[in-house]
Protein chains: 2
Amino acid sequence: MKITMAHGSGGDSTSKLISGVFAKYFSNEYLDKFGDSSVVPGAAKIAMTTDSFVVKPVFFPGGDIGRLSVCGTVNDLLMSGAVPKYLTAGFILEEGLEVSDLEKIVESLQKTAEEAGVQIVTGDTKVVEKGTAESGLIINTSGVGIVPEGIEFGTDKLQTGDKIIVSGNMGDHHAAILGSRLGIENDIKSDAAPLTEMVSRLLESGIKIRAMRDVTRGGLGTVLNEFAESSEKEIRVEEELIPVSPAVRDFCGILGLDVLYMGNEGKMIVVVAPEDEDKAYEIIRGSKYGENAVCIGEVMGESDSPALVLRTEIGGLRKVGPLYGEGLPRIC
Amino acid sequence: MKITMAHGSGGDSTSKLISGVFAKYFSNEYLDKFGDSSVVPGAAKIAMTTDSFVVKPVFFPGGDIGRLSVCGTVNDLLMSGAVPKYLTAGFILEEGLEVSDLEKIVESLQKTAEEAGVQIVTGDTKVVEKGTAESGLIINTSGVGIVPEGIEFGTDKLQTGDKIIVSGNMGDHHAAILGSRLGIENDIKSDAAPLTEMVSRLLESGIKIRAMRDVTRGGLGTVLNEFAESSEKEIRVEEELIPVSPAVRDFCGILGLDVLYMGNEGKMIVVVAPEDEDKAYEIIRGSKYGENAVCIGEVMGESDSPALVLRTEIGGLRKVGPLYGEGLPRIC
């Protein structure tokens, strides 16, 4: 069965799609009421985020758009210190999409939501003409998390001497999507993953976290430039310490890609006080998805022109800007 | 200037678009932090909703996709008894979109948010290839509202004898979109409107509200069928009382449309206890966007096959199902 325009009408066919596919996997006490909105328990401080996913292709090595749309949103919530709780799911389906493909994506989305500790509490379905979404579907997930008392970190809180830890290999998601589009056969898989466990262990540890940030579109180079700008300090990174798998390094070599600007979907940077470096490193290494974590550099002094500076493998210093121009389109 | 794929890269160009267009209009204490998520004050009970807007064309008589994307989401929150507070805005832009058009839409979105009493607290921008979004852009808005204590209504709470009030003329939005696509010249304007004032006045009045529902895609026929189904009661409506403007009535006549299935974007149904009919009616009539409100029918007894039954103008009874099949695509 294929999606038709009628599935977006808001009538009878929409109801059948909702009960037959969405409710089948997402079922929970909130969603099952099928209201236009869902009432859920809140908290004194909540975090909100939104992300639309236009990735092409929708199935790729290591994941699919369903898994991605949970990871992206959950990780954004985690980075503000929130405990992710509820997601909304907005589906923009292309006429002609195979319902069996949609079902696989919905199942993957639900599985990832369970892993991430969140519930899909409300949703929306629209259908657009064939050729419109191009990849078959677009998903928007918006998320709400609960912010515990005492969370006080941010990219403006960096102090001289702070250590910069990256939670794992860079570039896997980017290389998996690009390889898949180019039809290149290799073992590279997307790193799409929810970082709930890693972050909650860090928060529970009492470590002085200055800032956390997931490294997605724009890559490490863009994120660390934002860190430099908001803290008004130089960020210095040892180029040879940036973790990259051999397969991705080869892939980059062949295609002339710079791993500094490659997107990821299950990696983050944590900046901690120098005395907490070892503890933070151990926690991340011991977490799911953190086995390749490395401390790649540190926060230097105030700077009039704050920037990301790379110490190259031969010892020189190189100023590195944020991603300029296109990057790889529709990576997430 | 036109949107390019680079505006979706997550790098330098994305930042410029955010600061030059989005931040210019949406500026507020939460959004201005430019985090991947925003931390806002919460409450013990919150309501969440999501809606994607794929309307074609994006500018239409009486509104645009920006206004629509606030009204749809705010009204969904209101219908659950929540006070709408925060919206997220996810933009999926088509390469080639004129930035001046985007700016008009963003300005309209912000103006409508102010009217509705909500803030845009976080956002996301993606760019897709030309020909993909077809209409130029798609917007997802997700919303969070605060649910006051003591809110207890829902479509399963209807009681025999309850009165069904519709807040104004049916079909305006549907007719405006369709007329615009067909190039028909007339005075019909979309009714897209946030119902914040009307609903807050109803809630403050102490009236016994059984259920509220905005009448959007699928129209009055579909919504009242859902009421019948969840309450397991017959819903009886006087056909001649359904409010329709002369222009829309003519438009329907010419094109053979049934106003029962036409979508609206600023209209709702309120079901109240019979003793509160007059008071509710007066409040709605006295509210912005409520001047054409009418009590169109009532809730009958339990039924083995609960349905919407129309009393026709010549006195006969006619069972009416929900919208079956396509409806008008991309109306919202």
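Biologist: What percentage of the 332 residues of chain A count as buried?

Modeller: Please note that this is a predicted model. A residue is buried if 20 or more other C-beta atoms lie within 10 Å of its own. By that criterion, the share of buried residues in chain A is 58%.

Biologist: What is the radius of gyration of chain A, and what does the globule rule give?

Modeller: Chain A is built with eight helices and 13 strands. For its 332 residues the globule rule gives 20 Å, and the computed value is close to this, so chain A is as compact as a globular protein of that length. The radius of gyration is 21 Å.

Biologist: Why do helix 1 and helix 3 of chain A count as roughly parallel?

Modeller: Helix 1 (residues 12-26) and helix 3 (residues 99-116) of chain A have axes 9 Å apart. Angles under 35 degrees count as roughly parallel. The two helices of chain A are therefore placed in that class, since they pack at an angle of about 20 degrees.

Biologist: How many nonpolar, polar and charged residues has the contact of helix 1 with helix 3 in chain A?

Modeller: On the side of helix 1, the residues are Val21(A), Phe22(A), Tyr25(A) and Phe26(A). They meet residues of helix 3 of chain A, including Leu102(A), Glu103(A) and Gln110(A). By class, the contact has seven nonpolar, one polar and two charged residues.

Notes:
Residues numbered from 1 in each chain as written. Chains lettered and ligands numbered in written order. Predicted model: local features only at pLDDT ≥ 70, side-chain atom pairs only at ≥ 80, totals over all residues. Axes fitted to C-alpha atoms, helices over the stretch in contact; angles between N-to-C directions. Helix = DSSP H or I, 4+ residues; strand = E, 2+ residues; numbered from the N terminus. Parallel < 35°, antiparallel > 145°, perpendicular 65-115°, else oblique. Contact = placed C-beta atoms within 7 Å. Nonpolar A, V, L, I, M, F, W, Y, C, P; charged D, E, K, R; others polar. Rg over C-alpha atoms; globule rule 2.2 N^0.38 Å. Buried ≥ 20, exposed ≤ 12 C-beta atoms within 10 Å, placed from the backbone.
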